Amino acid sequence: MADHTARPIAPAKGKLGILCVGLGAVASTFMAGVENVRRGKAKPFGSLTQMGTIRLGKRTDKRVPLIKDFVPLADLKDLVFGAWDPVPDNAYQAALTCGVLDKHEHVEPIADFLKSIAPMPAAFDQYYVKRLHGTNVKRGQNKADLAEQIRADIRSFKQTHGCARMVVVWCASTEVFIVPGAAHQTLAAFEQAMVNNDPSIAPSMLYAYAALMEGVPFANGAPNLTCDFPAIEQLAKDRGVAIGGKDFKTGQTMVKTVLAPMFKARMLGVAGWYSTNILGNRDGEVLDDPESFKTKEESKLGVLDYILQPDLYPELYGQLYHKVRINYYPPRGDNKEGWDNIDIFGWLGYPMQIKVDFLCRDSILAAPLVLDLALFFDLAQRSGMIGIQEWLSFYFKSPQSAPGLYPEHDLFIQQTKMKNTLRYLMGEEQITHLGVEYYTDGEK
Ligand SMILES: NC(=O)c1ccc[n+]([C@@H]2O[C@H](COP(=O)([O-])OP(=O)(O)OC[C@H]3O[C@@H](n4cnc5c(N)ncnc54)[C@H](O)[C@@H]3O)[C@@H](O)[C@H]2O)c1
């Protein structure tokens, strides 16, 4: 039963252009994956928008539609892809180089499609990603000029491909760590800083600015500052556009944000949490640079404090030693291994250990998140939900939230929040899991 009026949502009519900043392992695996699914050659496992359901009403109502049948999402057949990258490889070459997908099964049969996606020249500066050398790079008078060139790219892509709507998703390398400064506080300061080539304005910020100026939602899949500061948040509100980030929550952190709430739920203490990763893809190589690693480290370290609340539970979590390492190890390619050793303690302080060894595939975990984020950001935009999309925290390691509001990291709180937002959008009752009505013989 509906408990309020559904929000007006513009229909998902026409093509949706998805522009990925970066055409590396994640972006090429995402695009190739969607095309394989569209051709009926594979299933979109890992994608909530494609496979997930949502319960509506009471458990006894048995109303459990697919999410994509419940909310008006863009259909996969209406998606069109583009990208920017300083490496000139098209999506076919990128997919082969990254070596995530089986060449014969998932790349060669769609070679024509992948070859048609060539990257536009990137706003790129090696100062922000030390381990990369780009040749497909924009030239301009200053950073403001580069942002204007990105805006022109967005307009031209939209027109050439006849798109009704657009979304931009950052799938590019992790930039060096930047602390928000004066240039990030107001839009006027930010725009002046672009003209002055201020080093605190990283390329990712130029893409975010350009997208917002074009009225296009922007999602940030890496831990860079990018759109997480007051000037860009204000611009998103002024222009009525959806933004969000940061950093796709895929492997080790996804596991962490499931295990940590479990310890807290049972009042088990945590003495130490040591997390290490080995990976050998280009992302691993970029993260081998200490300045890019610092950006990732901050994103990975944040989650435990927020979930475990050592201020509230000093005896359980006040002394927690948390360490995160990422080691570049080429033989593994995209197949990351994430190890966790967790030292916990229980009744009367007796110690125990948990070991997790996640032999994952980085881009296989990330690709469906790009799809879901693009579709949900487009939905948010059509629903008039502007500014930070905190309801999509589910997808991020370091979710953006309103100033003064701490982010929610627990994966299942995030999931509940997301599904309740979908119910809210469609005028359906929120599910609180109270359930007393099942036991009170019809009493209210
Ligand atoms: N795979 C995962 O599980 C996962 C999880 C969380 C975050 N991420 C992040 O997603 C991003 C992409 O990961 P990946 O494995 O595809 O990396 P990748 O190195 O394969 O691809 C990144 C691409 O971005 C390009 N690039 C760098 N700077 C750019 C710029 N200024 N403009 C346009 N393109 C630029 C690079 O040339 C490269 O082709 C990384 O930042 C990574 O940290 C990945």
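**A walk from the core to the ligand**

Let's start on the inside: the largest nonpolar core holds 113 residues, and Val168, Val169, Tyr207, Ile232, Val370 and Leu373 make the most contacts within it. Helix α15, running over residues 362-382, supplies the largest share of this core, with 12 residues. Keep in mind that this is a predicted model. Domain 1 (15-248 + 363-425) and domain 2 (252-359) both contribute residues to this core, so it lies between them.

For a look around one of those residues, take Val169. Leaving aside residues up to four places away in sequence, Val169 touches Ile18, Cys20, Ala219, Gly221, Val370, Leu373 and Ala374. There is also a second, separate core, made of 11 residues, with Trp273, Leu304, Ile307 and Tyr317 among them.

Now step back to the two domains. Their C-alpha centres are 26 Å apart. Where they meet, 26 residues of domain 1 are in contact with 27 residues of domain 2. On the domain 1 side, that contact face is made up of 11 nonpolar, eight polar and seven charged residues.

So where does the ligand sit? Both domain 1 (15-248 + 363-425) and domain 2 (252-359) give residues to the shell around the ligand, so the shell lies between them. That shell counts 35 residues, and the closest are Gly22, Gly24, Val26, Ala222 and Arg282. The elements giving two or more residues to the shell are α1 (25-38), α12 (282-287) and α15. Here α15 turns up again, giving the most to the shell, with four residues. Sorted by class, the shell has 21 nonpolar, nine polar and five charged residues.

Terms used. Residues are numbered from 1 along each chain as its sequence is written. This is a predicted model: local features need pLDDT of at least 70, side-chain atom pairs count only at pLDDT 80 or more; totals for chains, interfaces and linings use all residues. Domain bounds come from an automatic or database domain assignment. Two residues are in contact if their C-beta atoms, placed from the backbone, lie within 7 Å. Ala, Val, Leu, Ile, Met, Phe, Trp, Tyr, Cys and Pro count as nonpolar, Asp, Glu, Lys and Arg as charged, and the others, Gly among them, as polar. A nonpolar core is a set of buried Ala, Val, Leu, Ile, Met, Phe, Trp, Tyr and Cys residues joined through C-beta atoms within 7 Å. A residue is buried if 20 or more other C-beta atoms lie within 10 Å of its own, exposed if 12 or fewer, and partly exposed in between; C-beta atoms are placed from the backbone. A residue is near a molecule or strand if its C-beta atom, placed from the backbone, lies within 6 Å of it.
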